[in-house]
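Here is a report on one structure, section by section. Look at the model first, then read on.

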Amino acid sequence: MTQIVDRRLNGKNKSAVNRQKFLRRFRQQIKKSIENVIAERSVTDLDKGEKISIPRKDTNEPFFHHGKGGHREVVNPGNKEFQAGDKIPRPEGGAGQGGSEASDSGEGTDDFVFELSREEFLQFFFEDLELPNLVKTKLSTINETKKVRAGHTSEGIPANINIVRSLTGAMGRRIALRAPYKKELKQKQAELDDLLKRHNNTDQIIIDLMDRIEFLKKKIQKVPFIDSFDLRYDNRIDEPKPTTQAVMFCIMDVSGSMGREEKDISKRFFMLLYLFLTRTYEKIQVVFISHHTIASEVDEETFFYSRETGGTVVSSALKLMSSIVQERYPTDDWNIYAAQASDGDNWHNDSSICKKILNEKIMPFVQYFAYIEITADRHQNLWEEYTDIKSDWDNFAMKRIEKIPDIYPVFRKLFKKRNT
Amino acid sequence: MTRKPISETSEWTFELIEEYHTEIERIAGNFGLSTYPVQLEIITTEQMMDAYSSVGMPVGYSHWTFGKEFVNTEKNYKRGQMGLAYEIVINSDPCIAYLMEENSMPMQALVIAHAAYGHNSFFKNNYLFTTWTSADSIIDYLLFAKEYILNCEQRHGEEAVENILDSCHALKNFGVDRYKRPPTLSMQEEQNRQKEREEYLQSQINELWKTIPARQSNTDADQPQHYPDEPQENILYFIEKNAPLLEPWQREIVRIVRKISQYFYPQRQTQVMNEGWATFWHYTILNKLYDEGLCNDGFMIEFLQSHTNVVQQPGFDSPYYSGINPYALGFNMMSDIRRICEHPTDEDREWFPEIAGSNWLETMDFAMRNFKDESFIGQYLSPKVIRDFKLFAITDDDKKRQIEVSAIHNTSGYQSVRKTLSEQYNLGSIEPNIQVYDVDLKGDRTLTLRHTQFQRRPLDKSAHEVLKHAARLWGFNVILESVDDKGRITRTYESKSSSF
């Protein structure tokens, strides 16, 4: 007969497969949309999903149907003043079909809009960067914990048995349990020795005494060497990873030669470093330094959108960074990371100064310094000076970038270090 | 005699659902509704959206278009655009009706009356459903389809399967037999027969090309020979049986899409009737419940508010207008039939002499069993409903500069409005008439489809896209000829086999 079934618990997320298929199908469009999104997003704003819009005409599935034209008769409701035989100018967008067809004409306003979750967003973000899978999973998991030792417990798995503790416990227990018998045994033994001087060993009193001694010895032997009660296990508990604070310096050349495209690449470069830092440190501050001939600390908006003209003096930015570090970020308390993006153009005499500042005032204090040169031209003098630094310092990485996938190799060592 | 209301608050519990269901079942039985056994399933919002996006079926093969639908449904739901009391009912035996956990008790009762008794009795008794669908085996078949397609994905790659499905979906409205009853479906038989069919079909296809009739005589050769002998309306069926290059698994997928499309064919033809019938019965049953004192005023007010929303019909000039609301038209026509039976006016006696004053239960039962939207409107749309809706017909001819009001709700217009509206629900004229016309057996195997124009209506420009899909399935070039009423080809579309 009638059945009432509670289905609420089964079949959750049944549409996940279809959703994945949908996302894969429109990968190109979504990626394009993501590109626009990244341009608008803040470097530090990577922990949420995103609204994506793709052209509706791409998602439509074609089927045979009638187009406009020909002869047709349509019935509509809600007549107010029409009489049979009235002639009316033809309304735009499908005669008599109401507003349903009109939307086709409005291009762009009729996009298919939907939300990507944070995980899906990161997936697409990573895709261009060609991150290795290990790194991807590492970056997208949020709460990392670490197993730490936390004393000992009386319950656990055999692999965690602490032998020394267990045996110490067993020994203690043995001593404690045997003590009363040992004491009596010693006493009886003395008694026996004493009696044997006066009596025959066939006398009843001797026999009783020896029985008693025998009994005591057995009692002592019966105390087990080790008991499950003695076992002690090493205890490990999950503890959130020790968190410390980090500061990230974004240094970018904003001279006229850096166009929109170069800035877009730089932005992804900075985003990736930021993402890495969020996995390792709880508290992160970001400092933006833009420079042409002089450097200044700016907010993110100005950093990515302002454009200056004039020459380039890279050392000005490095000097500024160094002084900010000394003022605000004592190296005992802060882990310092720096990412620099430039088109490689620098005032000729300045490059050796850069090298000097880096060698003396920056490299000893930073965890990692990554430099990318965004240019298709041949290397300039800054590159050569930096190459020297690279050979001297292990925590310095540099790369010439033409396409977005080139970004990740700059950080390769950084990620590798943390993975092991 | 009045009894105590079953519940006072709007919270639902399993016990309450059972109590309400018992009463609704009793009342429906008293009205003579014949139904499949009912299975009520409580589901979450997410599961409901999921079912919505997979065309209302509890199991289905996976494809990106369902993902798209889900994303869409979810978005609309979050924006609160879906005012309907979510209800989904499956034409199966037992009849499965979904109740969403978020609904209040009155809404659950409404859904039970609407879906589990209204739609259910329609599924069981309407001639289209009894002839064309097999309620006892559809779930099994869908399960078979899901597993089969998953299997294909593993064996041949997701992309290959997706391509075939895309192409089949483009043609799925042309994958139905309109006049021939399809054999029943069953998972067991399907699986047993599937392998057999695979081998057999493949041999047939090869055979087809081997046995191209040799020229018997010179006189014969002059006569152009057509293959197929007569135009075929079921394009997917023709492709499944005749496309030379399809692999067996691809044929099976064509078949699956075709079968499922066939299953939904009656639903596409009975929207007004089906919704009208179900709405009429939830209205009648819940009112009866109220008359017996089984529910209180609060219950009725919540129910009526929802009911009123559902049967609302905005006028053509309203910003909310999106065509005629099948719930509104259906409900009003059904209620009107009851009125004509119980309280006929002179006008009704003139228009409906055979039903005016008759037993309303019998008359409505007859109407429900023996019609589809087109014929139902043609038979039962009364002048009163035309007046209530203020229906008017527009003639739009692209040869004239202006459109013309051809009939309105007055004595001289009733017949014409009724005829036009009835035609508006005729799938045969809504959908373009496209049939398989010819295969060039002796030449390059080009498949020719023929579109017979209906009142000079052209095909939409998307026809090019659809043709690419047809060519992918056929494996060779496909031509689509559009033919006017004088038999002249006015337009030709062509797609090469390698368009994708």
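## A loop residue with positive phi

In this predicted model, Arg445(B) sits in the loop that links β6 (433-439) and β7 (447-452) of chain B. Its phi is near 65 degrees, a positive value in a residue other than glycine. Most residues other than glycine have a negative phi.

## Other backbone features of chain B

Lys390(B) also has a positive phi, near 50 degrees, and is not a glycine. Its place is the loop between α18 (383-389) and β4 of chain B. Lys390(B) has 17 C-beta neighbours inside 10 Å, so it counts as partly exposed.

Chain B also holds a cis peptide bond, from Asp93(B) to Pro94(B), with omega near 0 degrees. Most peptide bonds are trans. Pro94(B) lies in the loop between β2 (88-90) and β3 (95-100) of chain B.

## Two helices of chain B

How many of the nine residues of helix α2 (residues 45-53) of chain B are buried? Seven are, so the helix is largely enclosed by the rest of the structure. They are Gln47(B), Met48(B), Met49(B), Asp50(B), Ala51(B), Tyr52(B) and Ser53(B). Just after α2(B) comes Val55(B), with a positive phi of about 40 degrees.

Helix α16 (residues 360-370) of chain B has Thr363(B), Met364(B), Ala367(B) and Met368(B) buried. Seen down the axis of α16(B), its buried residues fall within an arc of 130 degrees, so they line one face of the helix. An α-helix has 3.6 residues a turn, so residues three or four places apart point the same way. The cover over the buried residues of α16(B) includes α4 (105-125), α12 (271-291), α14 (326-342) and α17 (373-380) of chain B.

## Where the chains meet

Chain A puts 51 residues in contact with 76 residues of chain B. On the chain A side, β1 (3-6), α1 (16-25), β3 (71-76) and β4 (87-89) each supply at least two residues. That side divides into 17 nonpolar, 21 polar and 13 charged residues.

Strands also pair across the two chains. β3(A) and strand β4 (residues 392-397) of chain B are antiparallel, over six bridges. In this pairing, Arg72(A) stands opposite Asp396(B) in β4(B).

## Domains of chain A

The domain assignment of chain A gives domain 1 (15-59 + 108-129), domain 2 (158-235) and domain 3 (245-419). The centres of domain 1 and domain 3 of chain A, taken over C-alpha atoms, are 29 Å apart. Their contact takes eight residues from domain 1 and 14 residues from domain 3 of chain A.

Which elements give two or more residues to the side of domain 1 of chain A that touches domain 3? They are α2 (27-40) and α4 (118-129) of chain A. The residues of that side of domain 1 divide into five nonpolar, two polar and one charged.

## The six-stranded sheet of chain A

Six strands of chain A form an open sheet, in the order β10-β9-β8-β11-β12-β13. The pairing is mixed. β10 (295-298) and β13 (396-401) of chain A stand at the edges, each with a single partner strand, so one side of each is left without a neighbour in the sheet. Neighbouring strands of this sheet are turned by 20 degrees against each other on average, direction ignored.

Strand β8 (residues 245-253) of chain A runs parallel to strand β11 (residues 334-342) of chain A, and eight bridges join them. Met248(A) stands opposite Tyr337(A) in β11(A). Helix α12 (residues 381-392) of chain A packs on the sheet and touches β12 (368-374) and β13 of chain A. The direction of α12(A) makes about 145 degrees with that of β13(A).

## A lysine in helix α10 of chain A

Lys319(A) is found in helix α10 (residues 314-328) of chain A. Is this lysine buried or partly exposed? Lys319(A) is partly exposed, with 18 other C-beta atoms within 10 Å. Lys319(A) and Cys354(A) are 35 residues apart in sequence, and their C-alpha atoms are 8.6 Å apart in space.

How values were computed. Residues numbered from 1 in each chain as written. Chains lettered and ligands numbered in written order. Predicted model: local features only at pLDDT ≥ 70, side-chain atom pairs only at ≥ 80, totals over all residues. Pairing = 2+ DSSP bridges. Helix = DSSP H or I, 4+ residues; strand = E, 2+ residues; numbered from the N terminus. Axes fitted to C-alpha atoms, helices over the stretch in contact; angles between N-to-C directions. Contact = placed C-beta atoms within 7 Å. Buried ≥ 20, exposed ≤ 12 C-beta atoms within 10 Å, placed from the backbone. Domains from an automatic or database assignment. Nonpolar A, V, L, I, M, F, W, Y, C, P; charged D, E, K, R; others polar. Arc of directions from axis to C-beta.
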